[in-house]
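Hi,

Here is the structure we talked about. My notes follow below it.

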Amino acid sequence: MSLQQELESRSGNQCELCAATNNLSIYEVKPTSTGGVDGSLLACETCITQIENPEATDANHWRCLNDSMWSEHRAVKVVAWRMLSRLKNEGWPQDLLDMMYLEDDDLRYAKESGDHLDESEKIIHRDANGAILQAGDSVVLIKDLKVKGSSMVAKQGTAVRRISLDHENAKYIEGKVGPTQIVIITDYVKKMAEKE
């Protein structure tokens, strides 16, 4: 069974956020470590557009989270929490957030997007060219880097996929080089285009 079929079966062929039945596609919750059924949800075009473009958010559309925030599926709960956090200044989303419960691991995962922070609190990570980096992005090293505490050297041109961000320091990101998880300074990376 394909991922699309599994998600259609799980959701009853409707958006797992707003219950729409048209223009459904797989939305992989970033930053994804697992992908697959646990790291994805079936969502309509309207929901996906608003998740990915905060400026396009219509707060009233998200009143649907009153139901979907109780989903048993991690990906749905995490996206519901992120959207409610993004909209908390509207009033009613804060009431829903106060009722919502996430396990510690799920809450950490939900917070990786930074949607719960006010604009003034957000730490913005930028690559060597000034492009904004987000959790889940892929970067490429622009110089050889010696890895502290080991004899390993991460070579220039090495791709680091699905990075995570340090929420306290705008200069630090983390990612895997081979089997090793390392901290990388953003001055030494360049964001990769989506299709690279």
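Asp137 counts as buried, at 11% relative accessibility (buried is under 20% relative accessible area, exposed over 50%, partly exposed in between; 1.4 Å probe, protein chains only). Its salt-bridge partner is Lys191, with the closest N and O atoms 3.4 Å apart (a salt bridge puts a side-chain nitrogen of Lys or Arg within 4 Å of a carboxyl oxygen of Asp or Glu). Lys191 lies in strand E12 and Asp137 in the loop between strands E4 (132-133) and E5 (139-141), so the pair ties together parts 54 residues apart in sequence. Helices (H or I, at least four residues) and strands (E, at least two) are DSSP runs, numbered from the N terminus. Lys191 is partly exposed at 29%.

This is a predicted model: local features need pLDDT of at least 70, side-chain atom pairs count only at pLDDT 80 or more, and totals for chains, interfaces and linings use all residues. Residues are numbered from 1 along each chain as its sequence is written, and side-chain values use heavy atoms, leaving out hydrogens and water.

The whole structure holds six salt bridges. One of them joins Glu28 and Arg162 (3.4 Å, N to O). Glu28 sits in strand E1 (residues 24-28), 134 residues from Arg162. Both are partly exposed: Glu28 at 33%, Arg162 at 42%.

Asp187 also forms a salt bridge, with Lys171, at 2.8 Å between the closest N and O atoms. Asp187 is in the loop between E11 and E12, and Lys171 is in the loop between E9 and strand E10 (172-177). Asp187 is partly exposed at 36%, as is Lys171 at 40%.

Best wishes
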